[in-house]
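Okay, thanks everyone for coming.

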Amino acid sequence: MARTHKPWAVRTARDRTEAPARARLLDAAETVIARLGLGRATVADITAEAGVSRAGFYVYFASKEEIFRVLAARVRDAFLAAQEVPGVDADDTRAVAEASVGAVIAAYARHRPLLAQLEEQARTDPDVARLWNEIRERPVHRHARYIRRLADRGDATPVVEPLAVAHAVAGMCVEAAGRVAARPDLYDTAVRDVTTMYLHLLGAAPVPSKWSSGRLS
């Protein structure tokens, strides 16, 4: 039997979502919007960056504004995914802390220019404002629930309420990501330092750092 190909008009949403061209357009849109700002960026800029035709853009997105909202949702999901640490022993609190802190710092550093655009656009676009609020709040509240579970099973004694710890750790990751974005070579140091501070706030038993042992280098 001859193979048949479904025309774009009848392809499923899943087909369109998983298409490689769609991923290239999203990556290109993030690059272009971070460089030019949402106001100056055009569909033509995005398609040129992606190597996709203008007609190809409209297969996946109705407008520049729509692709921007999809980018916002992708960033939100990236921060939620950063809290998942496959391959790490879930009972090893320090290993989970280090892996998740590293993933969050990397995500913030990668998406930092786009986050600035999202914050600006959220002031005037209710849909973006909703996504911006989710980006800021959902990972923090999810983290707080994890800390509560650790406390309930006796693996942590948070120094303050779990939500306050989660907000503090998020702030430390944001600050560290700014340094890592400017100096990628600082990534390992940033992860180590934030992890150590996090474990202290968590009331878990951290491995002594070089500072606590009196060594300065």
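This is a predicted model: local features need pLDDT of at least 70, side-chain atom pairs count only at pLDDT 80 or more; totals for chains, interfaces and linings use all residues.

Residues are numbered from 1 along each chain as its sequence is written, and side-chain values use heavy atoms, with hydrogens and water left out.

When I say helix, I mean a DSSP run of H or I with at least four residues, numbered from the N terminus.

Let's start with H6, residues 93–122, and H9, residues 187–202: their axes come within 9 Å and cross at roughly 130°. Axes here are lines fitted to C-alpha atoms over the stretch in contact, and angles run from 0 to 180 degrees between N-to-C directions. That makes H6 and H9 oblique to each other, oblique being whatever is left once you take out under 35 degrees (roughly parallel), over 145 (roughly antiparallel) and 65 to 115 (roughly perpendicular). The crossing of H6 and H9 is right-handed, that is, the near helix is turned clockwise from the far one by less than a right angle, with anticlockwise being left-handed.

On the H6 side, the residues in contact include Ala97, Val101 and Ile105, and on H9 they include Val191, Val194 and Leu199. Contact means heavy atoms within 4.5 Å. By class, that's twelve nonpolar, four polar and two charged residues. Nonpolar covers Ala, Val, Leu, Ile, Met, Phe, Trp, Tyr, Cys and Pro; charged is Asp, Glu, Lys and Arg; the others, Gly among them, are polar.

Now H2, residues 20–36, whose axis comes within 9 Å of the H6 axis and crosses at roughly 65°. This one is left-handed. Asp27, Glu30, Ile33 and Ala34 in H2 meet Arg110, His111, Pro113, Leu114 and Gln117 in H6.

A pocket, on a 1 Å grid over the protein atoms alone with a 1.4 Å probe, is an open set of points with protein on both sides within 12 Å along at least five of seven lines, and lining residues have an atom within 4 Å of a point.

Of the 25 lining residues, Gln83, Glu84, Ser100, His143 and Tyr146 lie nearest the centre. Which helix gives the most to that lining? H7, with eight residues.

How values were computed. Helices (H or I, at least four residues) and strands (E, at least two) are DSSP runs, numbered from the N terminus.
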